[in-house]
Amino acid sequence: MPNIAIITDSTAQFPNPSFAGKDFVRLIPFDILLDGVIYKEGHDLKASDFPLNLKSNSDPKLIIPSAMEIADLFSVLLRKYDELFVIVNSADLTSVYQNAVDAVKIIQGGTAVLVINSMTISSGLGILVQTSAELISKGAVMADIERQIRQLIPHIYTLICSPSLRYLHNNGVIESQQALIGEYLNLHPIFSLEEGRPNALYKVRNFRHAQDFYQEFIEEFDELTHISLLKGTNTQGIDNRLLRQFVQENFPETPFSEHRLNSFLATLFGPKSLGLIVIEKPFTLSG
């Protein structure tokens, strides 16, 4: 079996917590700054601990390991593994992708370390990691893993609805004026990740309308391999059972997972967020 480790980051969420090859997975851990306190690896911090609306533009923040810190991690892992397959959240959401690329240059590990921009986050990233781990457990080599993961990435669709617009402003998604006006009008914009970059897709008045939009979005597909609902705090009007029933009736063979918004995602999008991640079956995906 190839001696390969998979490296991901703290924003990944796994629909199947005990997937095949889990022992090959390692984490680039993030810290969180909230109310002047640094929470190492987000311990003892939940989405419900975050303010629904920010009054300061400097808090909270994700603390991403530097290129040198990631280089140190890669160096340690390369003493045990021959190769590292690094797949992290979208390069347009955090700096971890670029820091990992720079880390490879620092250790001159170009032939042993491959860094992939997943262009997604949460369970979308988690499923890419799970798929990679399962491929390794079946004996796949690095080239096979890269090929299949790159085939899968364009078929992952990520939607985020958040009225916590100052969080989005702090993370460079929208302008300050947009955040102020949107929060004043209590808008619930839905963003899609287009090649990993947040793009305003639609505006709704509340989360119930967002759920209706998500259902209509799912209906556009013929064949899906996974559907995930990502739910934060204070998302009134959401009835998970209705969406689950819709999926069971229209995509009976498609797994449906539900995830609580973790503290890392709350830092990026605000604790009051509702996400949808769907994965379309790539026609060329083998294995």
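Which residues do ring pairs link into a cluster? Ring pairs join Tyr157, Phe217 and Phe221 in this way. The model is predicted, so local features need pLDDT of at least 70 and side-chain atom pairs count only at pLDDT 80 or more, while totals for chains, interfaces and linings use all residues. Residues are numbered from 1 along each chain as its sequence is written, and side-chain values use heavy atoms, with hydrogens and water left out.

**Aromatic pairs**

- Six aromatic pairs are found in the whole structure; rings of Phe, Tyr and Trp (its six-membered ring) pair if their centres lie within 6.5 Å, and planes under 30 degrees apart count as stacked, over 60 as edge-to-face and the rest as tilted.
- Tyr157 and Phe217 form an edge-to-face pair, at 6.3 Å centre to centre and 65° between the planes.
- Because Tyr157 lies in strand S8 and Phe217 in helix H7 (residues 207-219), this pair ties together parts 60 residues apart in sequence; helices (H or I, at least four residues) and strands (E, at least two) are DSSP runs, numbered from the N terminus.
- Tyr157 and Phe221 form a tilted pair, at 5.0 Å centre to centre and 55° between the planes.
- Phe221 lies in the loop between H7 and strand S11 (224-231), so its pair with Tyr157 ties together parts 64 residues apart in sequence.

- Tyr157 is partly exposed, with a relative accessible area of 28%; buried means under 20%, exposed over 50% and partly exposed in between (1.4 Å probe, protein chains only).
- Phe217 is buried, at 11%, and Phe221 is buried, at 11%.
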